[in-house]
Amino acid sequence: MADGYYEDGYMEEEEEWDREGLLDPAWEKQQKKTFTAWCNSHLRKAGTQIESIEEDFRNGLKLMLLLEVISGEQLPKPDRGKMRFHKIANVNKALDYIAGKGVRLVSIGAEEIVDGNVKMTLGMIWTIILRFAIQDITVEELTAKEGLLLWCQRKTAPYKNTNVQNFHLSWKDGLAFCALIHRHRPELLDYYKLTRDRPMENLNLAFDVAEQHLDIPRMLDAEDMVNSAKPDERSVMAYVSSYYHAFSGAQQAETAANRICKVLKVNQENERLMEEYERLASELLEWIARTTPWLENRTTDNTLPGTQRKLEEFRDYRRKHKPPKLQDKARLENSFNTLQTRLRLSNRPAYMPTNGKLVSDIANAWKGLERAEKGFEEWLLSELQRLERLDHLAQKFRHRCEIHEEWAVGKEDMLQSQDYLRSSLNELKAMKKKHEAFESDLAAHQDRVEQIAAIAQELNALGYHDCVTVNSRCQTICDQWDRLGTLTQQRRQGLDEAEKILEMIDRYHLDFAKRAAPFNNWLDGAKEDLLDMFIVHTTEEIQELMGAHEQFKQTLGEADKEFNSIMTLATEVHKLARDHGIQVTENPYTTVAAQDIANKWNEVKRLVPQRDRTLQDEMVKQQHNEHLRRQFASKANTIGPWIENHLDAVASIGVNMKSSLEDQLNKLRTYEKTTNSYKPNIDELEKINESVQEAMIFENKYTQYTMETLRVGWEQLLTAVARNINEVENQILTRDSKGISEDQMNEFRMSFNHFDKERSRRLTPKEFKACLVSLGYNIREDKQGETDFNRIMSIVDPNHCQYITFDAFLDFMTRETADTDTAEQVMKSFKILAADKPYITAQILRQELPPDQAEYCIQRMAPYTGRDGIPGALDYMSFSTALYGESDL
Amino acid sequence: MQTYIQLQRNSTMDPWGFRLQGGTDFNSQLSVKKVTEGTPCYGQLTPGDAILGIGQNSTDSLTHMQAHDLIKQSGNVLQLSVCK
């Protein structure tokens, strides 16, 4: 079997190797490198190494050492001599050992090794590698080579970009090495960053990592792998086998660790269960110990809510708290049994709970709990019933107390109040009736108070928990009841006495009222007459007033007597009230107070002489006013007609079209002069008017003119003169500048005047529109017409005053008829100065214009921007339009 | 009647061809004073047209120079809202 194994696997290899070895010396070189490294990876354990594979094994000593390290077995003692036969003997000892392991060494003799035959030496080492490093890889009964291949395939299967089919080409890109490392030690390299097209990096990465972390020396050369058409199969196998050993070793360590863990886990789990048992047991016992006394305690706080709370607690205990504890108890028993079984099965010692926590201890404690619980609920319910009855009685007591207290509220205050000392007679009579009603009400309440006292006594007898409150409340009610009786008596006496006094006062009041009302009336009338404001305009009127006043003075003696007897009545009332401590209410029969009567009487007496003086003063004033009126009237009657005449004359000048504008202007200038020289007359009248106003004279029967009308007339005259002069001047200016003939002018004026229906010298927009139509404008009665008209309005009425003056009208008419684009004209003028050029220079301007104007232009003109300009050229065109608030764009 | 018109020209050196008058500083509506024959605006604007808007701007509160500058800044395309 073993022989057949090598026949099939090893011999085949041998022939292949010989043939290929002869064909390609590169493989020999590769094998030398790899096998040397492989040997050293083992020799280093013995503290030595080889430099040259064909030289260093020649004496057989290191060969024997290598075999000892690999196999872990002792070889026969080597010969120490340095002679050739010593060497041959040593090599033979090694070869014999190998052969002893069941390996047939075909055509390898000791002499060739001692002679340093490279091929023979390499063949021998390969045999050793195969036997000791690869042979034991027996996966599923395959040859060693196939076994190693299958191991590689299985380990690299999860890596999509590796496909191990052999031990040469499949390893060229290095990914398979990396995959093997990553599969076992993923932390050593980041496989998924690697790519097939960087074999050098991949190979070197795998070799470096293997060397540093897996303790596998570099046996292959990345460059050789990449550069050779087909890497040497034996070298790759030797190297890959090292991976196998490195990882299978690791795997074993891991398996060992797993096993240990498993054992520990069992122990930990057991300990956890023990702790759990201890904890559960402690908790349960503690709960039982805590709950039992509460169940054994058969006392309450003697109140209904407290007892009800206790019942709630008991129900909570039965529903919420006890069931989980019962479960705990069952679980505790189960887990105790489980634990013991587990311990027995895993050959561990049995578990003994700590003192007092045995399963039997717990069962005993539970029994005690149930004993205590027995009868608890029945006791609690009967107690509850008793308290409920008591509580009902207490509630009845409180309810009755409340009703009584509510009734008693304010009663004492009411009885003690001496309100009858402040009331009227009628009110007092009502109070007496009310008090009688109260007395019978009080008698009816006697029964209730007795009932309250009876309930309080019963509560005391039954041992109600809050007797203190009940008793104090009952006492308060009884005490108050006694006081109410006494107070009722006192109030009745007070009411009777007050009634007598008030009836007397009432008689005085009535008498006072009967006499005070007419006298008060007489006083008001007298005062009114004495203070009566009068406006008189003549001396006759004031004479009449003085006569009336004398007659009034005759009646004063009789009035004084009546006044005194009325005041005596008032004094009597106050005296009675003061003596009996009664507060007098207002006299119900009258609104007139005694004090008012006294005040008014005194005032009338004071006003009489004052009236004498006022009348005398007015007499003097009236005589003076009469004089002023006559003075103003005589002057005004002269000035008024004068102004009217002149206004008419000025107004008629514009309307009369026979004369030329210059004639009109001359006439107007004359009027202007005349008017100015008349000014002193106005001033004089103003002075008289000032005196009139100071004397507060508002009417003057001697003249129809007032200062205000004369002033307005005067100012109208001044304005009319000035405006007419201005208008005529403007018309002359317009006529001259636009070259309109006098006839044309008159035509415009005639049209304007015709439509100026109100003679206001202005046209409303409506009148203006009619005027335009009459002059031949086509303004339609539609939206377009409206737009056209609005555009015209914006020209003639730029400020939106809603009227059109003759000037504006004239300006508009002439603007439309003559083609006078002034900006254009200015521009044309500059163009002439500029000798037809589109720009002008400062020099020309200074030459042609006065210095002021020249500088004005130079400062404001923008530089000329046209292409044909010269340095210093100025733009007169934009300057010209800007003068008219226009711009060419 | 308010209408919108768009003027175009080939170069900013070419004038639009109309004369602007008015503005808040003159207390009057911005309007077209005159139009030069053969210019971009000829046939689109007529003298007396009120200019209500320049581009996206209302002319309600513009002074003459502000309106002037707005038109100057408009480049080779000028949009006007006018009342014929």
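Analyst: Buried means under 20% relative accessible area, exposed over 50%, and partly exposed in between (1.4 Å probe, protein chains only). This is a predicted model: local features need pLDDT of at least 70, side-chain atom pairs count only at pLDDT 80 or more, and totals for chains, interfaces and linings use all residues. Residues are numbered from 1 along each chain as written, chains are lettered from A and ligands numbered from 1 in written order, and side-chain values use heavy atoms, without hydrogens and water.

User: What is the phi of Gln802(A)?

Analyst: Gln802(A) isn't a glycine, yet its phi is positive. The value is near 70°.

User: Is Asp215(A) buried or exposed?

Analyst: Asp215(A) is in the loop between helix H10 (199-213) and helix H11 (222-227) of chain A. Its phi is positive too, about 65°, and Asp215(A) is no glycine either. With 51% relative accessibility, Asp215(A) counts as exposed.

User: And what relative accessibility does Tyr884(A) have?

Analyst: Look in the loop between helix H32 (876-883) and strand E5 (886-888) of chain A to find Tyr884(A). Tyr884(A) counts as partly exposed because its relative accessibility is 34%.

How values were computed: Helix = DSSP H or I, 4+ residues; strand = E, 2+ residues; numbered from the N terminus.
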